[in-house]
Each structure stands twice: as C-alpha cells, then as structure tokens.
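Dear colleague,

Please find the structure below, together with its sequence. I would be grateful if you would read the notes that follow with the structure open beside them.

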Amino acid sequence: MIGLTLGRYLFTRYVSITFWFLTGIAAIIFIINFTELSGRLGGLPNYSVGLTLGIATLQTPMIMMQAVPFVALISAMTTLVSLNRKYELVVARAAGISAWQFLLPICLGALAYGLVTILLLNPIAANGFERSQVLEVEVRTDSDTALGQPASPWIKQRTNEGETIIGARRILNRGLELVDATFLRIDRRGDLYERIDARRAYLRDGRWELRAATRTRTGETPEAAGTVRINTNLTPEFVLERLAAPETIPIYELPRKIAAARSFGLGANAFAMHFHSLVALPALLVAMTLIAATVSMRFARMGQSATIILGGVLAGFLLYVVSVLVKAFGSAGFVPPVAAAWFPVLIASFFGVTFLLYKEDG
C-alpha cells in the first residue's frame, strides 16, 4: 500500500494546485463581471462603484459553480503532468507503487473538493446571487429603463374573478417578490379587459399586493393606481417552482422545497434535477480525475504537453456537453432526475477505469 507520507504529499499537491486555480479563475470572473456590470449600470442615477463591486463579488461564487468540473479536470492534469516532469511518478512506479495507489490520494482530493463545493460554495453562491439581484434592482430603481417586457416565465391563475396571466422582469425572494411585474386580467368570457404594471408585486396570504401600479383598461388611457390587491389561489410552493431558478436555492433547502411542491401535485423536476446534480458532483469530480489520468499518466517527453492538454480538455468538454443535454432532459421530465444526474458520472467513470485497467494491468 502507498505510504502515509507519499499519500499526504500527493493529496496536498492536488489541493494546493486546485486552490490556486480557483483563486485565479475567481479573480478573472470578478474582473470580467465587474466590467460588464459597470457598462450595463454605469448610466443609471443610483450607480456607484462600491455598490457595483458588491454586486460583482456576490455573483462571483454562482459563476464559479459552472467552472468547478473544469477546475477539477485541469487540476488533476496539472498535478500528474508536474509529477511526471519531476520524475516523481517514475520513482513511485520503480518502487512498485501502482497507478491505482498514487491516484487514490488525488481522487480523495477531488472528492473533498466536491464536498466543499456543495456544502460550502453552493449555499454561498445561492444566497449571494439572491442578494445581488436585490442590489441590482435597487440600482435600477426610478430608472426609465426599469419597466419593460417581462423576462421570466409567465404563470396563470384562475379564480372566480376570471384568469390572470402574470409575468415579471426580475424574480426576488425565491419567487415571492416580483419586480416590474405585469398582470393581464381576463374575464369569464375570455376577453382581456385590464392590464396592470407594477414596480413590485408581493405574494401574500391569498392575494397579490401590487405597489406603484399603473392600470390600463381596454379603450382607456393608463392611470396611476397606487397599491392594488388581486385575489389569488396560488401557493408560495407553486410560484417558487414556476418562477424561481433552482440555482438560487441552497442544497440544504432543496429537499424541503421539492417535497412541498410535490405535495401540491407539482413535478418540481427542475429542482430535483438540480439537487441530484449537486449530490452527484463529488463523484463527477472523481470521474474527471480519472479522465485526466488517462491523458496525463504517460511519461511526458519533449513536445507531448500540448497533445496531452488538448486531449484532456476535449474529453472534459464532451463530458460537459453530455451532462448539459442529459440535465435538460431531466429538468423537462423526459428522464428521471436521478438517472439524468448519475448517467454522465457512470459513463465517465467506466471510461476512465476501463482505460486505466487496459494500460496499467494489461
């Protein structure tokens, strides 16, 4: 078996490289995001550099979540290539240590990286992104560009007053607060008779509360209506499942939200897909490490580095494409979310293990 000292050295080496990769990528994401936010919000009356810095900081963890698998792949490749170039893997092989033994600490490092991501980075990213949306709305307050066509999915409610179709430009408080909301009211005959635009709309117990509303009736000019209340039979669970992005819910709250939504007869496939994807993430990072090993274990001679890097990046990119496609099927309900989350992990693991068994054990 691999010694404790060598195992600790390999584990520490992987963790150190992963940390510096994450730090560098976070800095790049922050700079690009701050530049983009400054260009988009710079002309608004409430704009300030400090507030924009805060928004960019809060959004950085959410963007980093998308880069986590690629960081695991590149970190594993970098670790193995650097060990090869310093002849450390050559010495380990000469001492009778198999590939499976010195890959074990690196895989444990990838597993720990995945656990830290879902238990620490995910809640920070979800809460930070939610807070950044609130701050961005505050910057846009009183701006002429605030109102516009809703960008979120539309939902429909049906009461004894008729039907109401609801949309909003921005969703806050995980679906319970709408910004720049539009309510299209339809009578029992199916005719549109009223449109209400509101700066904010809050879902209360049995009603929508619209503030700073503008009412437009058929054939009449728009008029300010102040605060308007509209009866509703929608529950917070329904609005959350229909409007809130799954990424804005921390992993600790997802099981409860999914159970509550399903108790009302909702599928909650998008939330279930996101939850199972997070649960499978540590295993996916281990699979990424095995893929990195298939292209990085061979002794690096002169001129082979570019080929090694290209092969690993292509393999990781293909796995990412498969993951996105299967995740889309799971979110739409065509594939069970559990199967959709674990299918890419199993495929990548089987590929990595099969390749290493063929190369290492004949």
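In this predicted model, helix α1 and helix α4 are roughly parallel to each other, because the angle between them is about 20° and angles under 35 degrees count as roughly parallel. Helix α1 covers residues 4-41, and helix α4 covers residues 99-140. The axes of the two helices lie 10 Å apart, and the crossing of α1 and α4 is right-handed.

Both helices contribute a set of residues to this contact. On the side of α1, the residues are Gly7, Leu10, Phe11, Tyr14, Thr18, Leu22, Leu37, Arg40 and Leu41. They meet Phe102, Pro105, Ile106, Leu108, Gly109, Ala110, Tyr113, Glu136, Val139 and Arg140 of α4. Sorted by class, the contact between α1 and α4 comprises 13 nonpolar, 3 polar and 3 charged residues.

As for the chain as a whole, it contains 9 helices and 6 strands. Its C-alpha atoms fill a box of roughly 85 × 45 × 30 Å, taken along the principal axes. Of the 362 residues in the chain, 45% are buried. The chain exposes about 18,000 Å², and 65% of that area is supplied by carbon and sulfur atoms.

One further point concerns contacts along the sequence. Among contacts between residues at least 6 apart in sequence, 64% join residues at least 24 apart.

Yours sincerely

Key. Residues numbered from 1 in each chain as written. Predicted model: local features only at pLDDT ≥ 70, side-chain atom pairs only at ≥ 80, totals over all residues. Heavy atoms only, no water. Axes fitted to C-alpha atoms, helices over the stretch in contact; angles between N-to-C directions. Helix = DSSP H or I, 4+ residues; strand = E, 2+ residues; numbered from the N terminus. Parallel < 35°, antiparallel > 145°, perpendicular 65-115°, else oblique. Left-handed = near helix turned anticlockwise from the far one by under 90°. Contact = heavy atoms within 4.5 Å. Nonpolar A, V, L, I, M, F, W, Y, C, P; charged D, E, K, R; others polar. Buried < 20%, exposed > 50% of the residue type's maximum accessible area, 1.4 Å probe, protein only. Areas by Shrake-Rupley, 256 points an atom, 1.4 Å probe, with all protein chains shown as cover.
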